[in-house]
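Biologist: Please put the model up, and then let us go through how the chain is packed and paired.

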Amino acid sequence: PTTAGADSGAVARPRGFADVAATTSAGVPLRDAALGAQLRSFIGARGLPVEVVQGSSARRPMLVYETDSEGPVFRALLASAAALIEIRSQVPGALEGVDVLCRTADGSLAGRFELDPQQAADLLAGRIEITRYFVDNVLF
């Protein structure tokens, strides 16, 4: 079941990315250090610092970004989508998706997302506009 957010249109969904994961997993290093290094390197090469930590499952790491406005959130989502597609092509079976956590400089939640390979491909191909993806998929 999904429930619409009161004013923002945000969707809250009880899927694999629980509130507990957003608060307790952030900061726990990814067990697969090589995978974490690949993700950091790929995303960092696009000019975005990212922390790669344990996500909702072993094959779904959490990518944590500092984002203080919509523009950086959109860039984080696109970089995450590109990393997901690229790493899956290099290491089949390594990733089933990524959890994306965006926080402001003071640590407040700016948005969180569960990004799967189909969504990533749709974002990168322009089949989904980034603003529409944000509105339809942001989890608070």
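Biologist: Among contacts between residues at least 6 apart in sequence, what share joins residues at least 24 apart?
Modeller: This is a predicted model, in which local features need pLDDT of at least 70 and side-chain atom pairs count only at pLDDT 80 or more, while totals for chains, interfaces and linings use all residues. Residues are numbered from 1 along each chain as its sequence is written, and side-chain values use heavy atoms, with hydrogens and water left out. A contact is a pair of heavy atoms within 4.5 Å. Of the contacts in the protein chain between residues at least 6 apart, the share that joins residues at least 24 apart is 62%.

Biologist: In what order do the elements of the protein chain run from the N terminus?
Modeller: Helices (H or I, at least four residues) and strands (E, at least two) are DSSP runs, numbered from the N terminus. The protein chain has 5 helices and 6 strands. Their order is β-β-α-α-β-β-α-β-β-α-α.

Biologist: Leaving aside neighbours within four places in sequence, which residues is Leu39 in contact with?
Modeller: Leu39 is among the residues with the most contacts inside the largest nonpolar core. With neighbours within four places left aside, the contacts of Leu39 are Val52, Pro61, Leu63, Ala83, Ile87 and Leu95.

Biologist: Why do the buried residues of H4 lie on the same side of the helix?
Modeller: The residues concerned are Gln119, Ala120, Asp122 and Leu123. They are on the same side of H4 because the arc they cover around the axis, taken from the directions from the helix axis to the C-beta atoms, is only 165°.

Biologist: What do those buried residues of H4 pack against?
Modeller: One of the buried residues of H4 is Leu123. The partners of the buried set are H3, S6 and H5.

Biologist: Is Asp122 buried or exposed, given its salt bridge with Arg127?
Modeller: A salt bridge is a side-chain nitrogen of Lys or Arg within 4 Å of a carboxyl oxygen of Asp or Glu, and the whole structure has 4 of them. In the Asp122 pair with Arg127 the closest N and O atoms are 2.7 Å apart. Arg127 is exposed, at 56% relative accessible area. Asp122 has 15% relative accessibility and so counts as buried.

Biologist: How many residues apart are Glu96 and Arg59?
Modeller: Glu96 and Arg59 form a salt bridge with closest N and O atoms 3.3 Å apart. The pair links distant parts of the chain, with Glu96 in the loop between H3 and S5 and Arg59 in the loop between strand S3 (51-57) and S4; the separation is 37 residues.

Biologist: Where do Arg132 and Asp136 lie?
Modeller: Their side chains meet in a salt bridge of 2.9 Å, N to O. The two are 4 residues apart, about one turn of the helix, and both lie in helix H5.

Methods: Core = buried A, V, L, I, M, F, W, Y, C linked by side-chain atoms within 4.5 Å. Buried < 20%, exposed > 50% of the residue type's maximum accessible area, 1.4 Å probe, protein only.
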